[in-house]
Amino acid sequence: LFRSLASGQYNVRGYGVHQLDAGSADDESTWRGTVASKGEFKVNDTWSWGWDGVVASDRTFLDAYDYDNRSMIASDAHVVGLAGRSYVSAQAIHYRTALTDEDQDLLPIVHPYISASHIFDEAILGGELSFDASAYSLGRRDPETNFDLGTEQTRSVVDVRWRDQMIGGAGQVITPFVKLRGELTFSENVPGAPASEETSASLLPSAGVDVRWPFIAAHDFGQSVLTPVGQFIAAPNEPNRDNHGNEDAITLNFDTTNLFLDDRFSGYDRYEGGARINAGLLYSLLGDNGGTIKASIGESFHVAGKNSFTSGSGLDGPASDLVGALAVQPNDAFQLGYQVRVEEDLSAINSQEISASLILDRIAGSLSYADVVSAPDYGRPNHEQQIWGDAVYRLSEGWNLFGGFRYDIEASRFMEKSLGVEYDCD
């Protein structure tokens with residue numbers, strides 16, 4: 001069911017089967033099904049609200065009948081506000097596992113998760129002043145001992161940032177920046193904490209400077225830009241986190257996209273402390289025919305203070321792993337991308353991903369491969385190696401034949417296979 005209204009739209013989908021025997025049902029049911037719904041509505045030019053939810057009869061139904069292959073189903077209701085340079089979002093989230101060997105009582109219900117940001121219109125001390133705020137409160141029935149997560153946790157974080165940009169006489173781009181982070185955390189029943197209830201507050205300043213020096217060259221076939229980048233960032237040591245759970249910053253993928261961030265954790269529950277130097281090279285080739293080549297390489301050096309990272313991150317030593325990336329698009333029909341993280345002495349590849357896509361008249365397809373070493377402290381207990389792809393053949397106006405797959409090389413099994421016919425026309 002799909003309905004479009006004056007203020008928005010929503011859909012409701014239902015699937016159901018009656019099996020002659022329980023078969024793959026994890027709860028021995030012969031009647032199985034699911035209801036999924038998604039909606040999005042505008043209240044006015046600033047505010048909107050919506051939901052995205054899934055209710056299933058049992059954990060394995062969606063995957064068994066190939067409706068949804070996710071191992072974790074997140075249902076949420078949300079409100080979003082966007083006006084000028086201000087943004088606010090509030091969500092309530094329920095997580096449900098689709099894995100039979102995972103304990104549902106370990107998964108949290110988030111009530112709520114709120115984030116907000118604002119950039120001031122007027123310059124402050126010659127630069128740009130902004131702030132970000134985040135707050136969540138969550139609960140689970142049982143503590144999660146693998147990652148030392150308690151039954152309750154509430155955290156509020158406010159970041160105030162200032163930055164300015166100056167152009168040097170030789171074309172250098174110099175960006176000084178300052179950040180002040182304040183946080184308040186309350187936790188209950190965190191495994192390993194000295195008390196069943198723990199509260200902490202901290203104020204963490206940091207400052208740094210980013211220097212980039214682009215060198216531009218003109219060629220018969222286009223223009224190239226080579227940019228050395230250097231950063232210095234100083235911050236106090238990260239406070240002791242043993243008394244609180246790390247709910248939103250467990251995962252970490254160190255690569256060229258976050259090499260030059262002042263805090264490389266993926267969430268607010270961890271904070272990168274100490275003094276470090278980030279250095280790298282960026283290169284772009286812009287062809288007259290519209291084609292592009294972009295490449296980058298770099299490394300991070302921890303020079304003082306306590307290192308917030310551990311084994312598996314690529315950032316745990318005085319010198320980080322080398323990270324590099326390459327993106328090639330000679331024309332609109334072909335794209336090639338590659339990301340890699342290697343030991344500093346080039347003795348081992350710790351992660352790499354390559355993807356290619358091609359469009360030829362009625363045929364379009366893509367193929368990707370990823371190889372990532374294990375990092376138990378960051379949510380990857382096993383070495384992962386996968387290959388996946390998809391293809392579309394346009395039969396006629398509106399009609400397509402499509403297919404796709406994802407294969408786990410380490411486990412020697414298909415994680416996903418699909419083949420179908422699609423009609424898509426206004």
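A charge sits over a ring if NZ of Lys or CZ of Arg is within 6 Å of the ring centre and within 35 degrees of the ring normal. Keep that in mind for this model, which is predicted.

By that rule, the charged end of Arg 212 lies over the ring of Phe 260, 5.4 Å from the ring centre. Lys 417 places its charged end over the ring of Phe 414, at 5.1 Å from the centre.

Phe 414 also has an aromatic partner. With Tyr 407, Phe 414 makes an edge-to-face pair, 4.9 Å centre to centre and 65° between the planes. How exposed is Phe 414? Its relative accessible area is 44%, so Phe 414 counts as partly exposed. Tyr 407 has 23% and is partly exposed as well; the cut-off for buried is under 20%.

On to the other aromatic rings. The whole structure has 14 aromatic pairs. One of them joins Trp 399 and Tyr 423, a tilted pair with 4.8 Å between centres and 45° between planes. Trp 399 is partly exposed, at 38% relative accessibility. Elsewhere, Tyr 10, Phe 41, Trp 49 and Trp 51 are linked into a cluster by ring pairs.

Last, the second largest pocket. Its volume is about 600 Å³. Which of its 27 lining residues are closest to the centre? They are Asp 148, Arg 241, Asp 242, Asn 246 and Arg 270. By class, the lining of this pocket divides into ten nonpolar, nine polar and eight charged residues.

Terms used: Residues numbered from 1 in each chain as written. Predicted model: local features only at pLDDT ≥ 70, side-chain atom pairs only at ≥ 80, totals over all residues. Heavy atoms only, no water. 1 Å grid on protein atoms, 1.4 Å probe; cavity = no way out; pocket = protein on both sides within 12 Å on 5 of 7 lines; lining within 4 Å. Points joined across faces, edges and corners; volume = space filled by probe spheres on them. Nonpolar A, V, L, I, M, F, W, Y, C, P; charged D, E, K, R; others polar. Phe/Tyr/Trp six-rings, centres within 6.5 Å; stacked < 30°, edge-to-face > 60°. Buried < 20%, exposed > 50% of the residue type's maximum accessible area, 1.4 Å probe, protein only.
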